[in-house]
Amino acid sequence: MDFQQIIAAALSRGGHYADIYIEHTVLQNVELQDGRVSQAQQSVLHGAGIRVVCGEQTGYAYTMDLSQPSLMHAARFAASIGDGNFCAPHCTVCADEILPRPDTSEPQQLEGCEAAALLLKIQERACATDPRIVRVKASLSQRTQQIQFLNSLGEEYTDLRPRTSLFVSIVMEQGEQTQMGFASRMMQHGAEMLTDELVDEVTHEAISRTAFLFDATRIDGGEMPVVMAAGASGILLHEAIGHAFEADFIRQGTSIFSDRLGTEICDPSITIVDDGTQEGDAGRLRWDDEGTAGQRTVLVEKGRLVSFMHDRISAKHFGVAPTGNGRRQSFRHTPQPRMRSTYMLAGETPPDDIIRSVRRGILAQTFTNGQVQIGAGDFTFYMKQGYLIEDGRLTQPLRDLNIIGNGPQALRDICLVGNDLKLDHSASMCGKGGQTVPVSQGLPTVLIKKLVVG
Amino acid sequence: MKETTNRQILHTAMQMVYDEGCHEAKAVLMQNHEDTIQVRGGRVEKLQRAAPTSLALNLFIDGREGFFYTNDLAIDSLHRFVRQAVATTRMLEPDADRTLADPQRYYRGGGPELKNYDATLSDIEPERKIRLATGHNTDASLSHPAIISAETHYSDRQHRAEYLISNGFEGSEASSYCTLTTIVTVEGRDGQHPMDGWGETRIFFDDMPTTGIADVALQRTLRKIGQRPTKSGTYTMLVESPVAGNLLQPLLSAMNGQALQQRMSFLEGRQHTQVGSTLLHLIDDPLQPGTRGACHFDYDGTATSRRTLFDEGRLQTYFIDTLYARKLHMTPTTQGTHHLILRPGDKSLNELMQAASNGILVTDFNGGNCDPSTGNFSYGIEGFVLRDGKLAEPVSGMNITGNMLELWQRLVGAANDADPWETELIPSLMFEGVHFAGN
């Protein structure tokens, strides 16, 4: 394969940068339902995307056929984004320099019968735990993504990204009531992550979340203080500010934080990072999907907004280095600035003291989904499980509440930060611009003075 | 010529499946052509073209069922893929309910011409599509001084699929769409940047509107300036047509065979009972020519037909495929919806607003969820206070809460404004007595 010729074709009509992203991904999924492991899926995704950047313009084409003529055809189409002012390509890639082996070992995978045995074990243990359980559904998903990347700057890498996800959902009946709850884990590991301890943890989490719902109620909505429990509450950062810190929105001026760089946006006790270096984390990137090395990016330092999350295009626009946030769902998609693992560093307050400080409010513990409106900054997340706080004590179990706030205001309203930072490794996928990528988040217990709950 | 090649790949893959000892199988070869163009500030910001082809296999071996997908169609790769697919299916536990559909139910031709495929779409030069998108993006209305950003997105998709099922079905289907959307962001109050948009979708490129989208997008954005929550309380709620279908989704999910079998449906045991008000009259009509979603057969090859889902509020049917028909001992119906039509009323949205006089018009939903077993829901909303039949202050940051079964009993009005080019023709709807949580 003559990649030099392909890059040259990509840049032949004035583009200043080009890259080739070749992917081979295999996903295997085995599912238990109604007491049997009788369903399996496997998918193979194979192809290459060729991108040409000219200023802030992008030309993109992809193909499943990795032959030279097919890649050349894609390159010529992508090249058409150029303005016709031909720039001599700065291309140092040579065919014999590419394809260094990834310095990662092959991920461990469970064979079909081993995966089936694991799922049956989950069902057996679950059913032995609580007689109210009438249905157990469990699935194990094992994905291996192999990537080869090279660009017109002479940068290149190959990577092997394993991803293993375990889902357990439980249906319980008690009298006339039926409740369903679930738990999951997703890590950038092979099957070695599926220890007995982890499998039991996920199973019992699903059971306890389901059982919790029988006694939980909803409350009359309105504005009230909200304590976000450590861990999964990192969804607050993801929705309230994370997306608004993605620098394509900053470049376009649409984010509510567009003109806030360098200013104080919250209490000095708060530091927030987006991190691509956490080993095993779903958002970990050795390189991002446009060749920038994985890194940890401090977004808010002691209350001051110090960086946005950049891909190559936004970084060039602002004259800064890319932060390794250029991510894409697959070779069918162009990179865009995306979060990786977003979390707030621990503060100093014990979590119990935070709960004791609330006269009437809620403690939010687990969530199902969230979203944000970038321009207005209005975000929501759906709380599945939590508690009413009355006079500093947890009283009534609560469920199914949608929590709404405004990003900058909610950040300003964080008045206590716990000393118990916890990263959440539930399966969490983030959607943006028609693309979905795995992310994670974390938070210490925090108190927000007021959000709309309903 | 290309079609012949695709059919050859399909038959080759099926033969490989047979050779591996699997004799019950479905193979689908899908081929798309997709163009995407984004224009901002009158300049093309992104241009993307692709023509992906992929193969899906659904294998059955003595009650074992596997689903397999690949876009690596090189012959050696296909051999490996099929060999592994058959081996994976063999290791599963048998479940006698898992079989191909009854061949008696397959589509055997003779349906109306669907007129939902623009065969020229992939041949239209990108320059023409760029001109269309750029024309909308440079519309005079987008010179408004409050605008921070105005983006126009054009995308199209030409889809063809060839089907081969081992127990006697061979067919093909085709569809296309082109869509144009303009999204406008303006300078608001207190540092906010309100954003909204408007879009139009057609089956044929030549039917795409050449003007009008940008101005609607701008007006929809400008009217959002100053959004804030209003007082909590019980209001009459109107829901604008483009998002009214969101409230139907929990009902449709609860009609699904899997939800019923897994005991996760608040509509379990409610067939032939009054679920909504008499205004909830909903049909699915896959055989209406010239509409999006039109198709002669489901993904399992079974013939589609016009079905009444809710007859003046009474639930008439569930979505029961072959697997869940066996598990639930029910007659199979269909896998899901194709082209939904909620019976329109005779009033425009404005007339409905005047009829309501006071309340809240919901123009978009912002997050939230619905519990599948109880139907309890909580959704974030934005929109406008309605005062004396007119739009007053814009609202956001509020939730609506309630139960789906109660909500649809409170449906008291339907407008006549559903977009005929959508796959779901749901007009603006009016519900009384809805709880809003805000200030």
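Student: Which residue is the bridge partner of Val44(A) in β4(B)?

Tutor: Thr70(B) is that partner. This is a predicted model: local features need pLDDT of at least 70, side-chain atom pairs count only at pLDDT 80 or more, and totals for chains, interfaces and linings use all residues. Residues are numbered from 1 along each chain as its sequence is written, while chains are lettered from A and ligands numbered from 1 in the order written.

Student: How many bridges join strand β2 of chain A to β4(B)?

Tutor: Strands pair if DSSP finds at least two bridges between them. Here six bridges join β2 (residues 36–54) of chain A to β4(B), and the strands run parallel. Strands are DSSP runs (E, at least two residues); helices are H or I, at least four, and both are numbered from the N terminus.

Student: How many residues does each chain give to the contact?

Tutor: Contact means C-beta atoms, placed from the backbone, within 7 Å. Chain B gives 62 residues and chain A gives 61. On the chain B side, β2(B) supplies the largest share, eight residues.

Student: Which residues of α3(B) are buried?

Tutor: Buried means 20 or more other C-beta atoms within 10 Å of a residue's own; exposed means 12 or fewer. Lys129(B), Leu132(B), Ala133(B), His136(B) and Asn137(B) are buried. They fall within an arc of 135 degrees seen down the axis of α3(B), so they line one face of the helix. The arc is that of directions from the axis to the C-beta atoms.

Student: What lies on the face turned away from the buried side of α3(B)?

Tutor: Exposed Glu127(B), Arg128(B) and Arg131(B). The buried residues pack against β1 (24–40), β5, β6 (169–186) and α4 (213–222) of chain B.

Notes: Contact = placed C-beta atoms within 7 Å.
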